[in-house]
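Me: Please go through the model shown here with me, one question at a time.

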Amino acid sequence: MSSPAAAANVRHHFENAEQQKDASTIGMWIFLVTELMFFGGLFMAYFVYRQAYPDAFASASNKTDLLIGAFNTTVLICSSLTMALAVNAAAVGKKALLIMFLVATLLLGSAFLGVKTYEYHDKWVHHEIPGQHFECEGCKDSGHASLFFSLYFAMTGLHASHMIIGAGYLIFLIIQAKKGKFTPAWHTPVEMFGLYWHFIDIVWIFLFPLLYLIDRVHK
Amino acid sequence: MQAKPFELFPDAASSIAGSVDGLYAYMVLVSAFFSLLIAVLIIYFAVKYRRKDDHVPLPVDEHSIGGMILEIVWSVIPLGLSLVMFAWGASIFFTESKPPADAMEVFVTGKQWMWKIQHNEGAREINELHIPINRDIKLTMTSEDVIHDFYVPAFRTKADVLPGKYTTEWFRPTKVGEYHIFCAEYCGTKHSGMIGTVYVMTEPDYNKWLAAGSGEGSMAEQGQALFNQLGCGNCHASAFNKNLGRCPNLNGLFGTTVDLKDGTKTRMDETYIRESVLYPQSKIVAGYDDIMPTFKGLVTEDGLLKLVEYVKSMGTKNGAQMSAPPLATETSATDAKTGTPAKAGAAKTSAAPAVNVNRPGNQ
Amino acid sequence: MITATHPVETKKNYLNAEEGLKSWLLTSDHKRIAILYLISVTFFFALGGMYAALIRLELATPAGDLVESNVYNKFFTMHGVIMVFFFLIPSIPAVLGNFFLPMMIGAKDLAFPKINLLSWYIYMVGGVFTLYVLLSGGVDTGWTFYTPFSTSYSNGYVIAAGLGIFINGFSAILTGLNFIVTVHRMRAPGMTWFRMPLFVWAHYATSMIQILGTPVIAVTLFLLVLERGLHIGFFDPAYGGDPVLYQHLFWFYSHPAVYIMILPSMGVVTEIITTFCSKKPFGYTFIAFSSVAIAVFGFLVWGHHLFVSSQSIYAGLVFSVLSYIVAIPSAIKVFNWTATMYKGSVRLETPMLYAIGFIGLFTVGGLTGLFLASLGMNVHLTDTYFVIAHFHYVMVGGAIMGFMGGIHYWWPKMFGRMYSQVWSKVAAIIIFTGFNLTFFPQFILGYMGMPRRYHAYPAEWQVLNVLSSAGASILGLGYLIAIIYLLYSLKFGAIAPPNPWGATTLEWMTDSPPIAENFEVTPVITQEVYTYSAEEVLHVV
């Protein structure tokens, strides 16, 4: 670990590049732990209310669009793949490939957000936004069904805001990559961002079944 | 309530107060012992081992004074003493949490910033609670707005009063007198004004007080009037309707366990009745369709308590207590009686549910 | 007895390494960031203290005659919000931890200096939100923001206050993250885990709570803001929600948050006692692991705030017994500190006075916690002044005594100046006396049944309330004296030697004030920690 590129990026308070990289990795994992607790509060609220009002949740969850949800899940999994490939490209020093995969990740992420916007709009049209004008045609126990939609918007909204922050950082990474900042010896930002992106993906992997799938059988 | 002289210990006026004070005495003794032990040791060491000059003595090896043994001793002894506190406190708590079955029932509705109290016999009072001595009293409580807490220090007990559910609290007063009621859960601007007085009276005095009370009829009678006014009897069998088969017959149902449509069971209690009136679709009894409309916004918390009491009175299938004639409409009239704030409260409860308007024709 | 290499001539240190305001606002030096935090938390402490003074002034008479009840409600809310989130939580970690944690393990800085600066800015943004709330009319929900009052009934600026705390939370998360990574990866050669000073262990445990607990309060306040601002219901029964769920989520963070406040203070006290007894702390491993045990068990006891909230009685049983178990590590610490003094070489300098005060007051605070952990007793005492007295004994008698002790202990290192020994001892004694007079009567009031957050109270309780108000003015005077002589010492104090107290930890092995890089060369540790005997001199290579 003493290539000039790596050494150039070692900040003054670290002894060497290895120590710096270790610190970044641990730091990122700890950050993801805090993110887990952040979403954890919402998951806890979801489980408590689902347990209390199973019928309301079952009927309300049937209002989500399974097809759109499945499509978005696929898009997000693909973006995780392209992100993993981008990290690999950075590790082997293939600049063109790195940029290509980063752009692909950005496009897939944007596609996800676009579809999500459409879904929100759809909910808006159908008055399925909790609040004064909330309506839920065909929902059982609509007094409690609105809780499902409250949680739906809080959970997917928080998830989407993480995606937006991620997309912003991706643009920054693409610019950095174009400038040739990343080398096989030092591409920590790409690697750390990869962890973040996979984390968002995993959160969705839990959200999708909880919000879209779990009560389909109830019909 | 007359002013009291300066004192350092509260009145003990309930059956539970003695055991709470006993536990308190034990805890004060344990705490005083350890506080003094630590204080004396620190002062003694600070004086005895105070550095006299700049000479630094060679430190002692901690193992020479049995470090490990000491650590175990001062972990295990406090643990033992505190587990006694736990067990003692838990046993008092169990007594406090389980109202005796034959307790006299009183209904409490908290709202910003007053206590509305209804006696089973029909008497109503605001910020005052008259009760007889040496009788178990059970409060069934709910709130019209925010969280309150019904606290009587002289009885050493309190319980939160929540919107949207019923909580209970019980005590057995043992000393005639007047005692503070406080709201102990912060509830807004006039939180410190949400206070009142408990009057513990001798049995004859209490009966005299009851007799002088309002002639609105008992809680169950008022509930029955409301039941008819809301048209509940059109479907639910009551003394006046025969069971039409579309809705569960409420006679003799209270306190039983009913099977629900989704295969689970639930106990037919105060909370279930309340939930069924406000959210009829959430727990449907097996064998029935969800045809009941919600009464959210149409019935106040006071009214709900009366309905609950009426359904409870159907506990026995004997129609004796159903023979009371239907009374005039009660809901808004009784509220107006309690003074202007009650109106504001009623407006609030009817305004809030508008958020979730649930059409009767939802099926 | 201690040899360290530092040239004689006056040289650059972190304070004069660069000049100008910009060099401070854009610094990434953990020591300078600590100073930025010191100034900001002192400001918020003064602000929160002002509200405390107004509260005590109102309560000097039974009638609510000084201010209207809605104004009084804003007083105690602002007092709580400012003191908890903007003073107590950042106080020791962000000031003393920031400054000394890297130095104590021989590091040049925290692992992520820029994130460290960022966390100060986040803290300030959160603070600006709070100041906005304060100037625009305040918030009247109590610092606990219980629903549905906060979401549907309060007239205050709940959203701005909630966002302020939400934002501020990220500052604590980032500080905690930085500390954990620093402890894991930045230790100097030879600095094994069990050679770390106990101050570092305490901060490591604190950081675990910060990173695990803070996100939960953040998301809870996020839901609160959604419910209040957009009527997207979660907790208000009018929207189908359950207000008790809010209380669970709130206390899941806010109970461990108590340990965020007290653990660092325990770390400070351990350092002070070992130094001023010139003796290795009794039971090093027990003190270290009791910090970790407090952090872990602290997460399992939040339900003891909900004994009367309609929570299941069986849940109450579990939370009660766990609350007693979490008390044991604290007891272990108190006994170990006391045993450290046994056959020590005790010097009653100002920091030691604060440390001794801490042990006494924390013992009372901890023992009264046992009252509240007991189910049957809690039913009577919860939401009364007994609770107020209990947590002020822990927060003020514990956390702030530790903070004051730490400031006096490390002041010579931070600024290179000594403060007045006489005045500082006088202030310490005044603070101790004033504190007890303020809060001890509140235990009695609590058992009498005086509920908290009351603007007016029955006349029979006036005597005790007047005592409390009188104590508060004495307490305030003590803090004022301390601020004056500390500021005075910055310019006129005697020059401090590198190691004025004869301490053994690494931060004393460099100049006072330290150079920007902390050490001339990276220290190599070859000795056990806290080696006071003359034969085993700590060598800094």
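This is a predicted model: local features need pLDDT of at least 70, side-chain atom pairs count only at pLDDT 80 or more; totals for chains, interfaces and linings use all residues.

Me: How many residues apart in sequence are the parts tied together by the pair A:Lys21 and A:Glu191?

Reply: The side chains of A:Lys21 and A:Glu191 form a salt bridge, with an N to O distance of 3.3 Å. A:Lys21 belongs to helix α2 (residues 17-52) of chain A and A:Glu191 to helix α7 of chain A, so the pair ties together parts whose separation in sequence is 170 residues.

Me: Which element supplies the largest share of the nonpolar patch on chain A?

Reply: The patch has a surface of about 370 Å² and is made by A:Ile77, A:Ile202, A:Ile205 and A:Phe206. A:Phe206 lies in helix α7 of chain A. The largest share, three residues, comes from that element, helix α7 (residues 188-213) of chain A.

Me: What area do chain B and chain C bury between them?

Reply: The contact involves 90 residues of chain B and 89 residues of chain C. The size of an interface is often given as the accessible area lost when the parts come together. Of the area buried between chain B and chain C, 70% is on carbon and sulfur atoms, and the total is about 7800 Å².

Me: Which element gives the largest share of the side of chain B that touches chain C?

Reply: Between the two chains there are 22 residue pairs in polar contact, both residues being at pLDDT 80 or more. On chain B, α1 (17-48), α2 (67-97), β6 (148-152), β7 (157-161) and β9 (177-183) each supply at least two residues of the side that touches chain C. The largest share, 19 residues, comes from α2(B).

Me: How do the residues of that side of chain B divide into nonpolar, polar and charged?

Reply: The side in question is the one by which chain B touches chain C. Its residues divide into 53 nonpolar, 18 polar and 19 charged.

Me: Which residues does the cis peptide bond with omega of about -5° join?

Reply: In chain B, a cis peptide bond with omega of about 0° joins B:Gln112 and B:Trp113, and B:Trp113 is placed in the loop between β1 (104-111) and β2 (114-119). In chain C, C:Pro148 is placed in the loop between α4 (113-136) and α5 (149-153). The bond with omega of about -5° joins C:Thr147 and C:Pro148.

Me: What is the value of phi at B:Arg156?

Reply: B:Arg156 lies in the loop between β6 and β7 of chain B. The residue is not a glycine, yet its phi is positive, near 60°.

Technical notes:
Residues are numbered from 1 along each chain as its sequence is written. Chains are lettered from A and ligands numbered from 1 in the order in which they are written. Side-chain values use heavy atoms; hydrogens and water are left out. Contact means heavy atoms within 4.5 Å. Buried area is the accessible area (1.4 Å probe) that two parts lose on being put together, summed over both. A polar contact is a pair of N or O atoms within 3.5 Å; within protein, one must be able to donate a hydrogen and the other to accept it, and residues adjacent in sequence count only if both atoms are side-chain atoms. Helices (H or I, at least four residues) and strands (E, at least two) are DSSP runs, numbered from the N terminus. Ala, Val, Leu, Ile, Met, Phe, Trp, Tyr, Cys and Pro count as nonpolar, Asp, Glu, Lys and Arg as charged, and the others, Gly among them, as polar. Patches are made of residues with over 30% relative accessible area and no salt bridge: like charges are joined within 9 Å, nonpolar side chains (Val, Leu, Ile, Met, Phe, Trp, Tyr) within 5 Å. Accessible areas come from the Shrake-Rupley method with a 1.4 Å probe; for residues, only the protein chains shown count as cover. A salt bridge is a side-chain nitrogen of Lys or Arg within 4 Å of a carboxyl oxygen of Asp or Glu.
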